[in-house]
Amino acid sequence: MRFENIKYINLNARSSWQDKIFLTFDIDWCSDEVLLYTLNFIEEYNLKATFFVTHETGLLERMRGNENIELGIHPNFNPLLSGDFRYGKNIDEVVSYYKKIVPEAVSVRSHSMTQNSLMLDSFEKFGLIYDVNTFIPYSSEIVCKPYKHWTNKLVKVPYFWEDDVHCNYKWEWSVDKYLNYSGIKVFDFHPIHIFLNTEHLDRYEQSRKHHNCEEILLNYVNSGYGSKSFLLDLVRDL
């Protein structure tokens, strides 16, 4: 079993995703210090990973220089749905805003997993191929696999694990359980939860106002088992 990028999934080759691990990270406007913490981890273990980008940062060029890293986009449609046009006045303008940050992106996961038919059409229009917006939790006992969207161009890639959802579900921190899952293994982490080693979302909420101050944020890091511990076990077990 080895790590792979989302962009290498091939619906005509089951071997492109079966028994592979897909590490994905939603950047979610984290500070450079927080993002660098995760980036250093990825580089230390020479891992393949897909980062869904929310904003411009000088670290993007460093990430582009690493052939193991795929950059996708993480568009936020929530302001548009609330009548706030900061990212664009319509769906196409929002997608265009993020594609300008990562023009090479072929993978997309919306913030809040927002999607509808018009958004999926827009993804396709802007050259996005892999839509990673469908979360089907491990606890559902549904065996997931990638599949062709009805437009015949988009590939839907469901994912079965997310760090903050894990905390809400209070799932057992058992790496083996997830590695033995027979479907496609797409994990979704957030750099802030890696930095904090989050084990409960109260830790995240209590630290929220300090997310841009590394010195203070260090005081909120969990010294027990949490999201980073889980990622570390996932890497060490392979």
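How exposed is Glu-199 by relative accessibility? At 27%, Glu-199 counts as partly exposed (buried means under 20% relative accessible area, exposed over 50%, partly exposed in between, with a 1.4 Å probe and protein chains only). Welcome to a short tour of a predicted model, in which local features need pLDDT of at least 70, side-chain atom pairs count only at pLDDT 80 or more, and totals for chains, interfaces and linings use all residues. Residues are numbered from 1 along each chain as its sequence is written, and side-chain values use heavy atoms, leaving out hydrogens and water.

- Strand S10 covers residues 185-189, and five of the five are buried, so the strand is largely enclosed by the rest of the structure (strands are DSSP runs of E with at least two residues, helices runs of H or I with at least four, numbered from the N terminus).
- In a regular strand, side chains alternate between the two faces of the sheet.
- Here Lys-185, Phe-187 and Phe-189 lie on one side and Val-186 and Asp-188 on the other, all of them buried.
- Strand S2 (residues 20-26) runs parallel to S10 and is joined to it by five bridges (pairing requires at least two DSSP bridges between two strands), with Phe-22 opposite Val-186.
- Strand S9 (residues 161-162) also pairs with S10 in the parallel sense, over two bridges, and Glu-162 stands opposite Asp-188.

**Salt bridges**

- The whole structure holds 13 salt bridges (a side-chain nitrogen of Lys or Arg within 4 Å of a carboxyl oxygen of Asp or Glu).
- Arg-109 and Asp-188 form one of them, with their closest N and O atoms 3.1 Å apart.
- Arg-109 sits in the loop between strand S5 (107-108) and helix H5 (117-125) and Asp-188 in strand S10, so this pair ties together parts 79 residues apart in sequence.
- Both partners are buried, Arg-109 at 1% relative accessible area and Asp-188 at 0%.
- Glu-4 and Lys-48 meet at 3.3 Å, N to O, and Arg-2 is linked with them in a network of salt bridges.
- Glu-4 is buried at 6%, whereas Lys-48 is partly exposed at 22%.
- Glu-199 from the opening question bridges to Arg-203 at 2.7 Å, N to O.

**A negative patch**

- Asp-32, Glu-33, Glu-214 and Glu-215 form a negative surface patch (residues with over 30% relative accessible area and no salt bridge, like charges being joined within 9 Å).
- Helix H1 (32-44) and helix H10 (214-217) each supply at least two of the patch residues.
- Glu-215, placed in helix H10, is exposed at 67% relative accessible area.

Note on methods. Patch = residues over 30% accessible without salt bridge, like charges linked within 9 Å, V, L, I, M, F, W, Y side chains within 5 Å. Areas by Shrake-Rupley, 256 points an atom, 1.4 Å probe, with all protein chains shown as cover. Lys, Arg positive; Asp, Glu negative; His and termini not counted. Charge placed at Lys NZ, Arg CZ, Asp CG, Glu CD.
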